[in-house]
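The following paragraphs lead through selected elements of the structure displayed below.

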There are 2 protein chains.
Amino acid sequence: MMIDWMAAFAPRMREAKPSAIRELLKLLDRPGTISFAGGIPDPALFPRDEIAATSRRILAEQGAIALQYAPSEGYAPLRDHIAASLAAHGVAGTRDNILITSGAQQALDFVGRLFLSPGDEVLVARPTYLGALQAFNAHGPVFGPLPGSGSNRAALGSGAGGGESGRARFGYVVADFQNPTGECLTLPERQALVANAAAMRLPLVEDAAYDQLRYDGDGLPSLLAIGAARAGGIDAAGIIQCGTFSKTIAPGLRIGWIAAPRPVIERLVVVKQASDLHASTLNQMIVHEVASTIGPAHLERIRETYRARRDAMLAALDRHFPDGARWTRPQGGMFVWVSLPERLDAEDLLPLALAARVAFVPGRSFHPDDSGRNTLRLNFSLNDEDVIAEGIGRLGAVMRQALAG
Amino acid sequence: MMIDWMAAFAPRMREAKPSAIRELLKLLDRPGTISFAGGIPDPALFPRDEIAATSRRILAEQGAIALQYAPSEGYAPLRDHIAASLAAHGVAGTRDNILITSGAQQALDFVGRLFLSPGDEVLVARPTYLGALQAFNAHGPVFGPLPGSGSNRAALGSGAGGGESGRARFGYVVADFQNPTGECLTLPERQALVANAAAMRLPLVEDAAYDQLRYDGDGLPSLLAIGAARAGGIDAAGIIQCGTFSKTIAPGLRIGWIAAPRPVIERLVVVKQASDLHASTLNQMIVHEVASTIGPAHLERIRETYRARRDAMLAALDRHFPDGARWTRPQGGMFVWVSLPERLDAEDLLPLALAARVAFVPGRSFHPDDSGRNTLRLNFSLNDEDVIAEGIGRLGAVMRQALAG
């Protein structure tokens with residue numbers, strides 16, 4: 001007399017399926033396939049010697065702390081380090097404004113837990129980060145548009161008034177080098193977004209996963225910095241910023257953070273405790289040491305490497321992609337976003353591309369409304385310049401064939 | 001124009017407060033206080049040299065894997081290791097029956113996410129693990145009794161029929177050395193529980209956090225082993241087992257697991273991906289190496305140490321505690337559970353105990369219905385025998401004073 005598991009699951013969980021991306025990524029391990037699919041840092045850039053040396057020293061000198069249970073808020077010196085980094089960018093706050101999470105994905109999940117009930121609305125750009133859609137989806141929302149956000153253009157028109165449903169709980173924004181488009185909001189766009197959200201008393205969730213990865217041009221103030229300056233401090237601003245060390249140190253350590261007004265952090269600490277008690281103590285201590293010592297120099301090395309790869313990808317796209325395809329020219333991040341002629345569907349192209357041993361992510365996954373069928377995302381951080389040129393050449397040939405067919 | 005955060009939070013989150021235990025534990029850092037409060041392993045038993053050597057080797061030989069993103073299911077060799085351990089205890093399964101979690105607390109949270117909608121019922125023993133109550137509470141359930149569970153006696157009377165509400169989703173059971181009582185279910189109790197749950201088609205969630213920590217007597221089959229034998233395999237059994245390396249290697253690494261029928265694991269992988277992508281890759285690899293090499297010998301060392309401490313605590317209780325107090329005599333685990341004369345309230349005693357520089361956890365926190373005011377939990381794993389004798393002496397004096405007052 002077996003249990004009918006599908007009936008036993010909570011109703012909202014019965015629908016949950018592995019994402020198409022997840023299934024896709026399983027196909028990519030085939031030898032010889034050039035993958036532009038993942039949002040994956042180059043492992044050759046992981047500071048593994050520094051991590052090994054730091055880990056050895058921490059275990060020798062503070063092993064009883066590093067291997068023990070720890071406070072749910074996170075390791076105090078790491079919280080201080082993040083607060084100091086924010087202060088250096090004009091956001092005065094303390095460790096009480098910081099919660100350490102198990103990567104930025106957990107930060108997004110916690111935001112969903114804290115704000116969302118089934119039927120609530122989240123305002124997002126289209127396209128937007130699919131991991132955020134997954135994290136929020138677990139809490140049963142509908143997705144409304146951030147007005148004017150056709151390609152991460154997020155203006156929150158002043159008449160928006162709580163989204164289309166009147167149940168908007170927050171707006172989700174990647175202001176810097178958005179996943180998937182690679183684009184940034186301009187300074188006037190940021191200012192208008194923060195001002196309009198404040199007028200609506202709508203919290204903004206800023207995903208700052210890529211803001212350290214700028215290769216050209218001047219940095220722009222974060223939404224958090226604009227909001228804190230406007231409101232007179234982080235505690236009065238309606239901005240919740242999610243960050244991560246996955247792109248600047250290593251994703252396998254799973255260390256991220258949330259910077260937010262204290263009432264939000266206090267509640268999220270309770271969520272963290274009930275969820276998994278705390279992030280790995282050892283890993284928090286490693287990240288604190290590595291970020292405090294080699295951080296800036298290591299970041300410069302990452303930027304130089306990825307800048308050259310971005311340039312190689314843009315050059316190869318100019319050379320190999322057919323007329324009628326358009327793409328972004330990002331100043332940072334990890335991705336280029338391609339729009340194909342309307343009659344092409346990126347999901348139809350994918351099997352042809354895999355047959356030609358090159359992979360990408362079709363753009364539909366980044367649209368909560370299933371639009372964007374003629375779009376796709378290309379990652380340039382994982383492969384070196386020669387491999388990028390070869391892969392884009394293969395993909396260009398597939399596209400020309402599809403257009404001719 | 002600030003945001004009213006309390007109004008912005010999802011309704012169920014407005015109530016969430018840091019647990020009383022959490023507040024209590026902040027008081028315990030005072031120098032000279034002997035703490036029997038936490039459920040904390042002795043850090044002197046952490047295999048820190050082995051962890052340091054293993055970490056160094058992994059980073060040198062497999063750093064590109066250890067620091068990179070990884071599958072949500074977990075590190076395959078660790079999943080195989082856990083499946084092999086289960087097979088050695090009569091539960092044949094494969095890695096597809098195993099999900100790696102960020103500690104057993106996350107396993108409990110995921111079970112709550114998967115099965116619970118607000119108003120659903122969870123059947124629990126009284127008292128039961130307060131971290132489980134916290135994890136499940138995030139999903140809005142009511143708690144019903146596991147019939148006959150006055151002191152972890154869980155019989156699930158055959159007339160129970162879906163709990164008192166008819167909305168019972170699962171029963172939660174710590175069969176071995178329960179937190180907080182230290183007691184085990186007998187073999188007939190286990191068999192009756194599994195049989196009755198199967199007849200009701202009610203999933204059982206078995207928290208096996210302590211099952212490796214047996215100091216006397218013969219081990220009993222787990223609920224999972226009984227269920228798998230009865231149903232003809234893990235996939236046909238209605239049992240979901242949560243385990244952890246926190247007690248046998250180190251909690252700071254945050255590595256636990258769920259062993260369950262494949263349809264449950266498949267769905268939980270989706271939950272894991274949306275929650276935090278995956279557990280720390282490096283830490284999973286460390287745990288796999290350490291558990292596979294020094295595991296059994298190290299476990300024997302832990303058992304010897306904690307056995308002596310358990311004996312020291314029972315001897316001190318016999319010597320120092322007043323007539324009318326009763327306590328469990330556990331064959332393993334980390335805790336002794338004390339019942340005081342009815343007229344004493346452990347929460348009233350706590351300030352007196354803290355003034356005498358000794359700490360414990362009042363028993364009410366382990367009761368979803370706020371009962372158990374005359375009970376308290378004592379941990380014996382953290383302190384050595386002399387400290388235990390001294391601390392129980394202090395606590396006995398406080399009780400005698402309270403009884404005299």
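**Sheet and helix packing**

Thr244(B) finds its bridge partner in β8(B), namely Gly256(B). Helices (H or I, at least four residues) and strands (E, at least two) are DSSP runs, numbered from the N terminus. The model is predicted: local features need pLDDT of at least 70, side-chain atom pairs count only at pLDDT 80 or more, and totals for chains, interfaces and linings use all residues. Residues are numbered from 1 along each chain as its sequence is written, and chains are lettered from A in the order in which they are written, while side-chain values use heavy atoms, with hydrogens and water left out.

Strands β7 (residues 239-244) and β8 (residues 256-259) of chain B pair in the antiparallel sense over four bridges; pairing requires that DSSP find at least two bridges between two strands. Helix α10 (residues 262-276) of chain B packs on the sheet and touches β2, β7 and β8 of chain B, contact meaning heavy atoms within 4.5 Å. The direction of α10(B) makes about 25° with that of β2(B); axes are lines fitted to C-alpha atoms, for helices over the stretch in contact, and angles run from 0 to 180 degrees between N-to-C directions.

The open sheet has seven strands with mixed pairing, in the order β2-β8-β7-β6-β5-β3-β4 (chain B). Because β2 (98-101) and β4 (142-145) of chain B stand at the edges, each with a single partner strand, one side of each is left without a neighbour in the sheet.

In chain A, helix α8 (residues 187-200) packs with helix α9 (residues 223-231) at an angle of about 55°, their axes 10 Å apart.
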